Structures are given as C-alpha cells and as structure tokens.
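Here are my notes on the ligand site and on one helix pair. Have the model open while you read.

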Amino acid sequence: MSNKKIAIMGAMPEEIAPILEKLGTYKTTQYANNKYYEASYKGVDLVIAYSKIGKVFSTLTATTMIEHFGAEILLFSGVAGAISSTLKVGDLIVATQLSQHDLDITAFGHPFGYVPEGAVFIEADKKMIELSKEVATSMGKSVKEGIIATGDQFVANEERKNWIGSTFDADALEMEGASVAVVCDALDVPFFILRAISDAADMDASFSFDEFLETSAIESAEFVMKMVDKIIE
Ligand code: SAH
C-alpha cells in the first residue's frame, strides 16, 4: 500500500530494543547527540530512535527523523501510566488526541494545554487508527482508543492523575506523545501513538514501572511492527 519512509520512535532504549532485535541489521548514525538506526524492512526504509525522556528531547527526535532523515510517517511505541480504571498493566492504548497537561497560561484566561495559535488537543491520523483496529483483530487483542495527556513529570500521585483525567478527559498519561504530535501536525506527517500500560500513575507507579517497563515495551513494540506490516501491505 505504501512505500513511504517510516519513523519508529520511543523515549527509552527499552522501547526500541525489541524493534532493533527484530530487524537484526541496521545502520547506525550519530546525529544531534543521539543515535538513529536505519534499516530496510520488506522493501521500505525505516528510521528508528529513542529520544530520551520528555517533551524537549522527543520534539528534537521527531523533528530530526522527519527533517533530516526524511520520514513521511511516524509511529511511536512506548509505555504509559493509566488514568482510566479499565486500563491494566500490559494493556494497549492508541491515542486519538493528545494534549500537554503541564502547559499552563491559565492566568490569562486560557484553558490548560493552550497557547495562542496552538490547540489544546492534536488529533492523531484517523486512517492509522482504523488500521490499528484491523491489526488488533488479527492479533486477537483489544486495544483501547483514548486521549493521552503528556507532561514533563512522572506522575506518581492519585490527585495529579485524577486532575489530568478530569481536565483533559484523558485515559493515559506519559511524557512524549503530545510533543511528537505537535511536530507531526505542523510538518504534515501522519502519526500513530501507541502505549502499553506500565503503571497506574499512583503512589506505587515507580515500582510498577520498574517491574513492567520491559514486558509492556515489548507488547507495544510487537503491535507497532504489525502496524508497519499493515502500512506496507
Ligand atoms: N526509569 C526511568 C524514568 C522513567 S520516566 C529512569 O529512572 O531513568 C517514565 C517514562 O515512561 C516516560 O518516557 C513516560 O513517557 C512513560 N511513563 C510511564 N508511566 C508514566 C507515568 N506514571 N507518568 C509519566 N510518564 C510515564
């Protein structure tokens, strides 16, 4: 269907390791204090990287993958904290919309997550969300669709998590999705953001994260590679 160059990004090494392992051979390029891995997969060019944690690093990496490496589609694979009580560790969530929960100029009467000429929510590519439903069916998995809230903080606090949930109607939270969404939206690159739950963003979050990072990252990476297959198909 498509032979466009695909970027696959994560925030941490654990999030892209399963993908690099599957590819086996790739070319490594050092650029802007980061490593980018290029590979050919089923005749399609891929560029893979982990950005490091947070909105700034993920903005840099998403921009670099598009502007420097020529990616035309971007898929993000990683882990997140659950807000929705229906999401348990290991469950997958596909972002329909993303927002920055820590962007706050409310002192000027604006809503949380908004700055002039921006938008509170950025919408992910609808076609890829449709494709993800087919992938989920073929894998026999149920994947939740929902709003993901992003901010430069690891949320391990029920009160903060509930505030983010009610303010943005968000189902999950993490630290990179919305910044990647802003970049892709501005540069007109269709994007797909998938997360597997690693914790419940509550007082046990850091322990749960440490325990489940690796297995949840694999869940997400396997699904994203099936998305790549579907896009190429
Ligand atoms: N263990 C790391 C820090 C992880 S920060 C270290 O010590 O270096 C959490 C990462 O996982 C971020 O990339 C974020 O996107 C995601 N994440 C998972 N659970 C989260 C939560 N409860 N709050 C915020 N981000 C979370």
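1. First, a term: a polar contact is a pair of N or O atoms within 3.5 Å; within protein, one must be able to donate a hydrogen and the other to accept it, and residues adjacent in sequence count only if both atoms are side-chain atoms. For Gly-81, a backbone N or O atom sits 3.3 Å from a ligand nitrogen.

2. Some housekeeping: this is a predicted model, where local features need pLDDT of at least 70, side-chain atom pairs count only at pLDDT 80 or more, and totals for chains, interfaces and linings use all residues. Residues are numbered from 1 along each chain as its sequence is written, and side-chain values use heavy atoms, with hydrogens and water left out.

3. A polar backbone atom of Val-155 is 2.9 Å from a ligand nitrogen. How much of the ligand's area does the protein bury? The protein covers 77% of the 570 Å² that the ligand exposes taken alone (accessible areas by Shrake-Rupley with a 1.4 Å probe).

4. The shell's residues split into 11 nonpolar, three polar and four charged (Ala, Val, Leu, Ile, Met, Phe, Trp, Tyr, Cys and Pro count as nonpolar, Asp, Glu, Lys and Arg as charged, and the others, Gly among them, as polar).

5. Now the helices (DSSP runs of H or I, at least four residues, numbered from the N terminus). The axes of helix 3 (residues 126-139) and helix 6 (residues 205-232) come within 9 Å and cross at roughly 115 degrees (lines fitted to C-alpha atoms over the stretch in contact, with angles from 0 to 180 degrees between N-to-C directions). Helix 3 and helix 6 are therefore roughly perpendicular (65 to 115 degrees).

Key
Helices (H or I, at least four residues) and strands (E, at least two) are DSSP runs, numbered from the N terminus. Angles under 35 degrees count as roughly parallel, over 145 as roughly antiparallel, 65 to 115 as roughly perpendicular and the rest as oblique.
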